[in-house]
Amino acid sequence: MIKLSKPTVIKILVGLVILLLAVALHIAFNVTGIWSRGELRWVNTGVSVPYPPDASPVFHTNGGDFFTMATRDGVRIISTHPSNRGDTIFSHTMHLRQPVLVGRGSYTAVGEGDRGRSVHVFNESIRIFHENFDYTVNAFSINRTGFLSVILRMDEGFAIKMFHETDRQRWLYRRVLNPVDNPGILPVMAEVSDDGRMIVYGVLDVNNRMITRILFNHTYHGDAWGTDGNFASREFENEMLLHMQATTDNRLVVVTDARIAIFTRGAGTTINDTADIPLHNQVTAIAFDDIGRFSVALGAPILNTSDPYTPGTVLIFDANGNRTGTFHGDRLVTSLSMAHNAVIVASNRNIHAVNMTGAALWEFVALQDVRGFFFLGDSNTVLMAGAMRADVWRRQRVRDGEAGDFFGIQGQ
């Protein structure tokens, strides 16, 4: 048996006391939260942007330290970075009867939803270019690398055009669909690949029967040498096109009222059918993140379909259409937002955040109507747009007696 000296025993006892104290402190600070750090609560960061109740605000965030807001009076870009939190980085006055905003990554395109004839493109700090047209803009989109696509309704037929800030002399792509050569053909959406070498537009063929047709086109003359530019197509008979979005690695996600289809451009002019996901419910909302993953909120069952989901269900997919998670809500979903490996599911005043498997991160109930809810710099910092102002909130530990919780919000 080893006999320890008195000084050695004292050192061991002191060491044990220090170890036990460290364990107690760890539990107090990081588990119970009852000492110093407190419990996790929602705290107002002080960033608040007011607007009139009839401003019709629309927003874009990319999960970073700024957000873009368009109202009937124009566009503002607001910083949420700690160094200049709440500062207006840029503002541009416009008069928009009904603002329409499309945002991808750090780019935002803003136009007029009521017979507008111009589109303005912004990055995270300035307006980088705008286009004025002689005809009404029926639809427009922006991709993650700043390529703008527009569909114009002309006196006779339609025109599809593409623009980018690097070449301001003229359009980079143009295709005219006149009714003589294209009777009963109505272009409704257009998307450009990240590299700008492919434009895809969806048209409705309403001649003998309704057909949604997806047309893949080269944008560079060298790629399209000897052709009219079109190199592939897909058709969906008796299906209505609801949404279309170009994502990473030359993928295209197409949503109709019957399916979600994903196509991927391979070598040359090859278009691969990456996924075909049947829909048994109506789609009430869809959201994408910056790497092409997406989520879909489901509403009422489609008539005469088998095995529908419960309305309020959200399906979460990777960029190739493989389902990674499911969230089973009990209310119809009004909006979705994705960033930071998470999804915000908003059902009017009931808000949930879940990870990519559908597991809960946090939730709360708003006591007032919420127009939109978006991630900012991380999954615990959010932009909440209400009826008359947009506020930035952060979920953090709060000491006893400090201000916490949303105004009019209960949550955890």
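A search of the whole structure turns up 12 aromatic pairs. Rings of Phe, Tyr and Trp (its six-membered ring) pair if their centres lie within 6.5 Å; planes under 30 degrees apart are stacked, over 60 edge-to-face, and the rest tilted. Take tyrosine 51 and phenylalanine 59. Their centres sit 6.4 Å apart with 55 degrees between the planes, a tilted pair. Both tyrosine 51 and phenylalanine 59 are buried. Buried means under 20% relative accessible area, exposed over 50%, partly exposed in between, with a 1.4 Å probe and protein chains only.

Before going on, a word on the source. This is a predicted model: local features need pLDDT of at least 70, side-chain atom pairs count only at pLDDT 80 or more, and totals for chains, interfaces and linings use all residues. Residues are numbered from 1 along each chain as its sequence is written, and side-chain values use heavy atoms, leaving out hydrogens and water.

Next pair: phenylalanine 90 and phenylalanine 122. Why is this one tilted? Because the planes stand at 55 degrees, with ring centres 6.1 Å apart. This pair links distant parts of the chain. Phenylalanine 90 is in strand E5 (residues 88–93), phenylalanine 122 is in strand E8 (residues 118–122), and they lie 32 residues apart. Helices (H or I, at least four residues) and strands (E, at least two) are DSSP runs, numbered from the N terminus. Phenylalanine 90 has 21% relative accessibility, so it counts as partly exposed. Phenylalanine 122 has 0%, so it counts as buried.

There is also an aromatic cluster, formed by Tyr51, Phe59, Phe67 and Phe374.

Now the whole protein. It has 1 helix and 33 strands. Of its 412 residues, 47% are buried.

Last, the cavity. How many cavities of 30 Å³ or more does the structure hold? The count is 1. A cavity is a set of points on a 1 Å grid, over the protein atoms alone, where a 1.4 Å probe fits but cannot get out; lining residues have an atom within 4 Å of a point. Grid points are joined across faces, edges and corners, and the volume is the space filled by probe spheres set on the points. The largest cavity holds about 50 Å³. Its lining includes Glu191, Met198 and Arg251. Strands E14 (185–192), E15 (198–205) and E19 (251–256) each supply at least two lining residues.

Methods:
1 Å grid on protein atoms, 1.4 Å probe; cavity = no way out; pocket = protein on both sides within 12 Å on 5 of 7 lines; lining within 4 Å.
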